[in-house]
Amino acid sequence: MKKLLASGTVLTGVLIAWGCGKAEPPVQPTGAPKTPVQSTGREHLRSAPGDTETPKVETTATTNEAPKPAEAVKIPVLPHTISDAEVGKKAVCPVMGTEVTVTKNTLSAEYKGKVYYFCCGDCPGPFKANPEKYAK
């Protein structure tokens, strides 16, 4: 039983080596006549002597999706502090369209370098959510 198990282990090792293409072909002695070798069509699968890497197959995934355009950079709405020079200035609320007389307590924001003044506390939210809609 032990001999059978040992023989099976050796045979398995030989088959694995042969199947991996790592087994070297037998070397013919010099001076012996060369016999023609019949092609099996699988020679490209054999590793070159000393080659330890397995062949790598590279694939390229293709999709039918068009490239996505770069997303537009969103310009932030910045907070603005009312200066003494602005107090008393007349402005129009960009959201409601009502006239505003600027005071130290007037809500305001800066967008693209321009200051916008709001008539009430409900107007800054919609302006910040979509400044392009209200900025003129």
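**The aromatic rings and their surroundings**

Modeller: The count comes to 4 aromatic pairs, where rings of Phe, Tyr and Trp (its six-membered ring) pair if their centres lie within 6.5 Å, with planes under 30 degrees apart counted as stacked, over 60 as edge-to-face and the rest as tilted. The model is predicted, so local features need pLDDT of at least 70 and side-chain atom pairs count only at pLDDT 80 or more, while totals for chains, interfaces and linings use all residues. Residues are numbered from 1 along each chain as its sequence is written, and side-chain values use heavy atoms, with hydrogens and water left out.

A pair of aromatic rings is described by the distance of the centres and the angle of the planes. Take Tyr 111 and Phe 127: their ring centres are 6.3 Å apart and their planes stand at 85°, so this pair is edge-to-face. It links distant parts of the chain, with Tyr 111 in strand β4 (residues 108–111) and Phe 127 in helix α2 (residues 124–129), 16 residues apart. Helices (H or I, at least four residues) and strands (E, at least two) are DSSP runs, numbered from the N terminus. Tyr 111 and Phe 127 are both buried; buried means under 20% relative accessible area, exposed over 50%, and partly exposed in between (1.4 Å probe, protein chains only).

Phe 127 also pairs with Tyr 116, and here the arrangement is tilted, at 5.0 Å centre to centre and 45° between the planes. Ring pairs join Tyr 111, Tyr 116, Phe 118, Phe 127 and Tyr 134 into a cluster.

What else does Phe 127 contact, leaving aside its neighbours within four places in sequence? The list is Val 77, Pro 94, Val 95, Ala 109, Tyr 111, Tyr 116, Phe 118, Tyr 134 and Ala 135, a contact being heavy atoms within 4.5 Å. The largest nonpolar core has 10 residues, among them Phe 127, Val 77, Cys 93 and Cys 123. Such a core is a set of buried Ala, Val, Leu, Ile, Met, Phe, Trp, Tyr and Cys residues joined through side-chain atoms within 4.5 Å.

The cysteines come next. A search of the whole structure finds 0 disulfides, a disulfide being a pair of cysteine sulfur atoms within 2.5 Å. Cys 123 is in none, and its nearest cysteine sulfur, that of Cys 93, is 3.6 Å away. Cys 123 counts as buried because its relative accessibility is 1%. For Cys 120, the closest cysteine sulfur is that of Cys 123, at 3.6 Å, which is too far for a bond. Cys 120 counts as partly exposed, at 29% relative accessibility.

Thr 98 sits in the loop between β2 (90–92) and β3 (99–101). With a relative accessible area of 35%, Thr 98 is partly exposed. Apart from neighbours within four places in sequence, Thr 98 touches Ala 91, Val 92, Cys 93 and Cys 119. Its C-alpha atom is 10.0 Å from that of Cys 120, 22 residues away along the chain.

Of its 136 residues, 15% count as buried.
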